[in-house]
Each structure stands twice: as structure tokens, then as C-alpha cells.
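This report concerns the domain arrangement and the ligand site of one protein model. Please look at the sequence and structure before reading on.

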Amino acid sequence: MSQSLTLAFVGLGAMGGPMAAHLAAPEVGAETLLLYNRTANKAQALAAELGARVQAVSLPEIARADLIVSCLPTSQEVSEVLAQLPSLKRGAVWVDCTSGHPDAARVQADQLAQQGVTFLDAPVSGGTAGAQAGTLTVMVGGDAQVLDRVRPYLAFAALVRHVGPSGAGFALKAVNNILLATQLLATGEGLAALARCGVSPDAALEVINASSGRSNASQNLIPQRVLTREFPVTFKLGLLAKDADIALDVALSVQASTPLLAQVAGLTRGASRLIGPDHDHTAALQLIEQLNGLELTGERR
Ligand code: NDP
């Protein structure tokens with residue numbers, strides 16, 4: 001790709017907003033950065049903050065971009081956005097950083113190929129902190145040569161890894177996130193059982209985190225979000241439940257035997273329904289607390 005490109009970013013949510021800001025950095029070399037968000041004032045505010053080369057635009061205006069990056073809740077919203085667009089520029093590349101569905105990636109890749117546009121499924125991991133710091137992990141499905149052309153523009157990433165054909169990035173992301181759900185829920189259940197035995201969550205986590213049962217859930221998520229009772233909303237429970245269901249779809253589509261993951265997906269879906277999809281994902285442990293008639297509270301709360 002030539003150096004002076006028009007870039008566009010679609011979806012300036014918890015992840016998309018800070019990711020888009022990295023594309024405006026002078027070293028990325030974009031001639032123009034177009035920002036689209038459904039709630040337009042978010043795009044206008046970010047464009048004003050990022051400077052003269054950045055413009056808030058209506059959805060059809062992103063069709064003039066050479067490289068479009070999207071970060072929307074699910075593949076459904078990506079399809080809705082695609083359906084509202086005029087023809088894109090021939091030779092353009094669409095990098096979808098949504099945690100989407102592999103089936104949708106294949107359909108969307110075919111649909112855009114008819115316009116001479118390449119679609120890459122490129123979900124991200126690293127949370128809002130990684131989006132702000134520009135240290136996200138990006139797992140990419142689709143044409144590896146096209147990825148190499150756009151790689152220099154993915155300034156929000158520390159690691160960009162091609163993982164397979166169209167849909168492979170979404171499949172890997174879904175499996176990663178069902179592992180997150182597994183660790184979170186299993187650690188919560190273990191802590192609830194221990195609390196009923198009279199072992200405090202603080203004592204239990206101090207030992208687990210110096211032992212072989214530790215994980216991101218035990219080291220970071222539960223002490224920082226659950227035991228403090230803060231549950232700050234950075235990654236919604238409804239999005240985690242969506243990812244767990246995608247992981248199950250992926251396993252079923254290839255007749256993999258994943259009985260444990262099926263249980264985790266069901267529990268995550270149930271937690272999202274009962275606790276609420278807009279709560280932080282760590283609030284799933286409130287369901288475990290209800291099932292056990294207790295609260296996982298820290299001593300230094
Ligand atoms: P948010 O809910 O914070 O943001 C969603 C964005 O999508 C907003 O810009 C919203 O616009 C826009 N949007 C929602 N519905 C539509 C629609 N129908 N048409 C157009 N735009 C729409 O989500 P996140 O940023 O947290 O998540 C985005 C994706 O990234 C998800 O797939 C998630 O699973 C994934 N992800 C999230 C992580 C996190 O820590 N939050 C970490 C890694 C991946 P509006 O402002 O108008 O509401």
C-alpha cells in the first residue's frame with residue numbers, strides 16, 4: 001500500500017475509541033483518518049481531540065477509504081454497517097477487529113471480494129488498557145499477503161499474528177475468551193466453596209497465586225474487581241457470553257468434543273441473562289455468589 005492513505009475507523013466504543021486514536025499518530029503516515037460512530041458526537045469529540053487530519057464523517061463517507069478498521073459488538077452490527085454502504089474503493093482492505101463469528105467472516109469476505117475489497121477478521125485481545133497503550137494482540141484470518149501490506153497501519157498492536165484462512169481469527173478469539181470465562185467461573189466457584197469452609201478469599205488467592213491454580217482471573221480480575229466490589233465496566237458480560245457461544249459453535253462445526261466448554265458457555269449465558277449483559281464480565285461471579293448464598297469480599301475493600 002502507498003504511504004499516504006485514507007484510513008477509516010468504524011465503532012468508537014470502549015475498544016474502538018482508543019484504537020482509533022493510535023491510527024492518528026504521525027508515524028502511521030495516514031493522509032486522512034475518517035471516524036464513524038453510530039452516536040455521532042463521540043466521533044466529533046475524538047476528531048476534535050486528534051487534530052486536523054482527522055474528520056468525523058457519516059457512514060457512506062467511509063467508502064472512500066483505502067483501509068477501514070471496524071470494532072463493533074458482534075458480526076451482526078458489521079453486516080448492518082456493510083448493508084448501508086455504497087461500493088467501496090477497489091483494492092481497499094477491511095480489517096474487522098470485532099470479536100465476530102467465523103461464519104460471518106466468510107460471508108463478509110465473499111461479499112466484499114465482489115467489490116475487489118479484501119476482508120480480514122482481526123479480533124483483538126488486551127482489554128481497554130491494551131487499546132489505550134497500543135499493545136493489543138491481533139489474531140488475523142484471511143489473506144496473509146494483504147495482511148502484510150496493512151500491518152504497518154495497525155498501530156494499536158504489539159503483536160499481529162496471521163493464524164489461518166478467513167474466520168480463523170474469530171475462531172481463535174472465541175476460544176481464548178471461553179478460556180477466560182472458564183478461569184473466571186471456576187476460580188469463583190472454588191473461592192465460594194473455600195469461603196463456606198471458612199477460608200477467606202484473600203487468604204485463598206494469596207496461596208493460589210503462589211501455586212499452580214493461578215490465572216489472570218485469580219491474579220488480576222478477581223482481586224481488582226470482585227473482592228473490591230467495584231466491577232468496573234470495561235468488557236461487558238453480554239460480550240463474553242457471545243464469545244463463549246461462538247466458541248461452542250466453532251467446536252460443534254467441526255464435531256469437536258468439548259463437554260467442559262459447553263458447560264462454561266451455558267453458565268456464562270445464564271449469568272449474562274440473570275446479572276445483566278451490560279455489567280462487567282467479572283459480575284458473572286455474582287451468580288456464583290447467589291448460588292452459594294455469600295459474597296466474595298476482600299479484607300481491604
Ligand atoms: P462497546 O459496547 O464499548 O462499543 C460498541 C461500539 O459499537 C460503539 O461504538 C457503538 O456505537 C457501536 N455500535 C453498537 N451497535 C451498533 C450498530 N447497530 N451500528 C453501528 N454501530 C454500533 O464495545 P467494546 O468496544 O467493548 O467491544 C467491541 C468489540 O471488541 C466486541 O466484539 C468485543 O467483544 C471486543 N472486545 C472487547 C474488549 C473489551 O475489553 N471491552 C476486549 C477485546 C475485544 P454507540 O457509541 O453509538 O453505542
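The model is predicted. Its protein chain divides into domain 1, residues 6-165, and domain 2, residues 171-292. The centres of domain 1 and domain 2, taken over C-alpha atoms, are 29 Å apart.

**Domain interface**

On the domain 1 side, 13 residues make contact, and they meet 11 residues of domain 2. Together, domain 1 and domain 2 bury about 900 Å² between them. Carbon and sulfur atoms account for 66% of this buried area. The side of domain 1 that touches domain 2 is made up of 7 nonpolar residues and 6 polar residues, with no charged ones. Between domain 1 and domain 2 the count of salt bridges is 0. Polar contact, in turn, links 4 residue pairs across the two domains, with both residues at pLDDT 80 or more.

**Ligand site**

How many residues surround the ligand, and which are the closest? There are 25 residues around the ligand, and the closest are Asn37, Thr39, Lys42, Thr234 and Lys236.

| Residue | Protein atom | Ligand atom | Distance |
|---|---|---|---|
| Alanine 14 | polar backbone atom | oxygen atom | 2.8 Å |
| Threonine 39 | polar side-chain atom | oxygen atom | 2.4 Å |
| Proline 73 | polar backbone atom | oxygen atom | 2.8 Å |

Taken alone, the ligand exposes 910 Å², and the protein buries 88% of that area.

Terms used:
Residues are numbered from 1 along each chain as its sequence is written. This is a predicted model: local features need pLDDT of at least 70, side-chain atom pairs count only at pLDDT 80 or more; totals for chains, interfaces and linings use all residues. Side-chain values use heavy atoms; hydrogens and water are left out. Domain bounds come from an automatic or database domain assignment. Contact means heavy atoms within 4.5 Å. Buried area is the accessible area (1.4 Å probe) that two parts lose on being put together, summed over both. A salt bridge is a side-chain nitrogen of Lys or Arg within 4 Å of a carboxyl oxygen of Asp or Glu. A polar contact is a pair of N or O atoms within 3.5 Å; within protein, one must be able to donate a hydrogen and the other to accept it, and residues adjacent in sequence count only if both atoms are side-chain atoms. Ala, Val, Leu, Ile, Met, Phe, Trp, Tyr, Cys and Pro count as nonpolar, Asp, Glu, Lys and Arg as charged, and the others, Gly among them, as polar. A residue is near a molecule or strand if one of its heavy atoms lies within 4 Å of it. Accessible areas come from the Shrake-Rupley method with a 1.4 Å probe; for residues, only the protein chains shown count as cover.
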